[in-house]
Amino acid sequence: MSTQSRLYILVEYGYLVVGCFILACTFNYFLNPNQIASGGVSGLSTILFKVTGLSPAITQWLFNIPLFVLGWIILGKKYGMKVLAGTIALPLFVLLTSHVHPLTDNLLLAAIFGGLGVGIGIGIVFRGRGSTGGFSVAAQILHHYTGITLGLCVAVFDGMVIVIAGLVFSPEKAMYALIALFVTMKTIDLVQTGLRTSKVAFIITDHVEDMRLGILNDLDRGLTQLNAVGGYTGDQKTVLMVVVSQNTVIKLKHIVKSVDPTAFVILSDTAEVLGEGFKQHV
């Protein structure tokens, strides 16, 4: 294994450790003390802590380790060392940070900041191509045997935890758990794709060459020519596809209008663009 490969693996484990630490702090600062069980084994551990008094870290180990072993047996070796490391590290950090004092007793603030913290933590773990195990393993096992989409399988397990939380704690706290889960999903997307968004434009015009030169020279941006056929006329058409940053959209519109005011343009958001002139591949 080359030095560069070893460094890359070390960085990935670094992401895993940092992500698990953020998750544990979020759990102890916001979610567990306010009884917000927003899905997953961590949410279940909050419920069992209320019912049995068992430490959440112990509960998480009791569920995570057997689920990891089951995943290894059923789904194969893709449940390797990084998944095992996340399975062990997260409850360990939960145990080590269990003495911290909660930062708020306001349920709405706890749900929002708890969701943010969990989203950031999971997003960082994903960037290291890792996993914290838990119900994500159970969801993949259910997907393996039933063919139900993975997203729906995850929703089933998270939904069960939130319903149980509504019965054990209160329906109100179950609703706050849903808020936390929603914030988590949105935050994971932000961590994965970043805050910067770009626009992709599809331009259909009869002045293809003038439009192409205008974009290349005036906008200083590359583009792609796509062959297309009109659905109504059956005529051959060339569609120009160009990706631009938010601050150059107005300039693109000005170029299109000056070259062909009758051009048909579709502008849509794109969350992440990798390549020359945009974000580098990671």
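Biologist: Where does Gln35 sit?

Modeller: Gln35 is in the loop between α1 and α2 (40-52). Bear in mind that this is a predicted model.

Biologist: Is Asp220 buried or exposed?

Modeller: Asp220 is exposed, because its relative accessibility is 64% and the cut-off for exposed is over 50%.

Biologist: Back to the loop between α1 and α2. Is Ser38 buried or exposed?

Modeller: Ser38, which lies in that loop between α1 and α2, is buried, because its relative accessible area is 14% and buried means under 20%.

Biologist: What does Ser38 touch?

Modeller: Leaving out residues up to four places away in sequence, Ser38 touches Leu31, Gly43, Ile162, Ala177, Ala180 and Leu181.

Biologist: And Ser45, where is that?

Modeller: Ser45 is in helix α2. Ser45 is buried, with a relative accessible area of 0%. Its contacts, again not counting residues up to four places away in sequence, are Phe27, Pro56, Thr59 and Gln60.

Biologist: Helices next. How do α1 and α5 cross?

Modeller: The axes of α1 (residues 3-31) and α5 (residues 107-127) come within 7 Å and cross at roughly 165°. Angles over 145 degrees count as roughly antiparallel, which makes α1 roughly antiparallel to α5. The crossing of α1 and α5 is left-handed.

Biologist: Which residues meet there?

Modeller: From α1, the residues include Tyr15, Leu16, Val18, Gly19, Ile22, Leu23 and Phe30. From α5, they include Ala110, Phe113, Gly114, Gly117, Val118, Ile124 and Arg127.

Biologist: What's the breakdown by class for the contact of α1 with α5?

Modeller: The contact of α1 with α5 has 15 nonpolar, 5 polar and 1 charged residues.

Biologist: Change of topic: the sheet. What is the strand order?

Modeller: The order is β2-β3-β1-β4, an open sheet of 4 strands with antiparallel pairing. β2 (224-229) and β4 (264-270) are the edge strands, each pairing on one side only. Neighbouring strands in this sheet are turned by 25° against each other on average, direction ignored.

Biologist: What packs on the sheet?

Modeller: Helix α9 (residues 208-218) packs on the sheet and touches β1, β2 and β3 (236-245). The direction of α9 makes about 15° with that of β3.

Biologist: How many bridges are there between β1 and β4?

Modeller: β1 (residues 198-204) and β4 pair over 7 bridges, in the antiparallel sense. Phe202 stands opposite Ile266 in β4.

Biologist: And between β2 and β3?

Modeller: 6 bridges join β2 to β3, and the two strands run antiparallel. Val229 stands opposite Gln236 in β3.

Biologist: How many residues lie between β2 and β3 in the hairpin?

Modeller: The β2-β3 hairpin has 6 residues between its strands. Gly234, in the turn, has a positive phi of about 80°.

Technical notes
Residues are numbered from 1 along each chain as its sequence is written. This is a predicted model: local features need pLDDT of at least 70, side-chain atom pairs count only at pLDDT 80 or more; totals for chains, interfaces and linings use all residues. Side-chain values use heavy atoms; hydrogens and water are left out. Two strands pair if DSSP finds at least two bridges between them. Axes are lines fitted to C-alpha atoms, for helices over the stretch in contact, and angles run from 0 to 180 degrees between N-to-C directions. Contact means heavy atoms within 4.5 Å. Angles under 35 degrees count as roughly parallel, over 145 as roughly antiparallel, 65 to 115 as roughly perpendicular and the rest as oblique. A crossing is left-handed if the near helix is turned anticlockwise from the far one by less than a right angle, and right-handed if clockwise. Ala, Val, Leu, Ile, Met, Phe, Trp, Tyr, Cys and Pro count as nonpolar, Asp, Glu, Lys and Arg as charged, and the others, Gly among them, as polar. Buried means under 20% relative accessible area, exposed over 50%, partly exposed in between (1.4 Å probe, protein chains only).
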